[in-house]
Each structure stands twice: as C-alpha cells, then as structure tokens.
Amino acid sequence: MILIVVKYRVKPEAVDGFLDEVADFTAATRAEPGNLWFEWSRSVERDDEFVLVEAFRDGAGEAHVNSDHFRAGLASMKPLLKETPLIVSRVVEGEGWDRMGELTIDE
C-alpha cells in the first residue's frame, strides 16, 4: 500500500472552519475504491496544524491524484494555507493496521 502523511499549516482565520472546508474532499476520497483510510487530526503542539494520514491500495494512488475531487480539494485548500504542506509518501507492505507487539493489552 501507499502510506501518506501530510502536515497542513492553516491561516489563523481559517483554523476553526478548516475541517468543514475539506469535508467534501474527505468524503469523496474515502469513497474511492482503493482508499484504505483518510483521517484528519489536529496537532497537539501547533494550533494551526492539521495532520492527514491516508493510505491506498497498491496502484490506487495515481487514480486519486488524477481525480477531479483531488484537484478541486487542493484548489479549495490553497487559500486557507500559510505554507506549502509537508509530506511523507512511502510504499509499505500490507493493507492495514497491525497490532503493536511491543505494547499489548489483554482484553
């Protein structure tokens, strides 16, 4: 799978409404057949930073970046951002989350 983590720094006036502004892009991406997850979080260290963790099955990433909703999503985000997002994008083995072997919880 391809695993992607992106950090978005948002302008102060856009912080409170940012997740609402990307809601259509998020829903459309989650509906893609090759999407495994697409999850937003807010940084606990920077009030203006949102972190997106996303994953796609092998071969599905290209369809994602070539989709109309991807282009529209980036265009709608651009005026809300204070700088170019930071990204880590890697191909990794597997197609989902594994349990952490170093910290097991008896259920």
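This is a predicted model: local features need pLDDT of at least 70, side-chain atom pairs count only at pLDDT 80 or more; totals for chains, interfaces and linings use all residues.
**Briefing: fold, surface and charge**

Residues are numbered from 1 along each chain as its sequence is written, and side-chain values use heavy atoms, with hydrogens and water left out.

**Fold**
- The protein has 4 helices and 4 strands, taken as DSSP runs (helices H or I, at least four residues; strands E, at least two) and numbered from the N terminus.
- Along the sequence the pattern reads β-α-α-β-β-α-α-β.
- A box of roughly 45 × 35 × 20 Å along the principal axes holds the C-alpha atoms.
- Of the contacts (heavy atoms within 4.5 Å) between residues at least 6 apart in sequence, 71% join residues at least 24 apart.

**Surface**
- The accessible surface is about 7,400 Å² (Shrake-Rupley method, 1.4 Å probe), and 52% of it belongs to carbon and sulfur atoms.
- M100, L103 and I105 make a nonpolar surface patch of about 340 Å².
- Such patches join nonpolar side chains (Val, Leu, Ile, Met, Phe, Trp, Tyr) within 5 Å, from residues with over 30% relative accessible area and no salt bridge (a side-chain nitrogen of Lys or Arg within 4 Å of a carboxyl oxygen of Asp or Glu).
- I105 lies in the segment after β4 (86-91) and is exposed (over 50%), with a relative accessible area of 62%.

**Charge**
- There are 12 positive (Lys and Arg) and 22 negative (Asp and Glu) side chains; His and the chain ends are not counted.
- The centres of the two sets lie 6 Å apart, with each charge placed at NZ of Lys, CZ of Arg, CG of Asp or CD of Glu.

Terms used:
Patches are made of residues with over 30% relative accessible area and no salt bridge: like charges are joined within 9 Å, nonpolar side chains (Val, Leu, Ile, Met, Phe, Trp, Tyr) within 5 Å. Buried means under 20% relative accessible area, exposed over 50%, partly exposed in between (1.4 Å probe, protein chains only).
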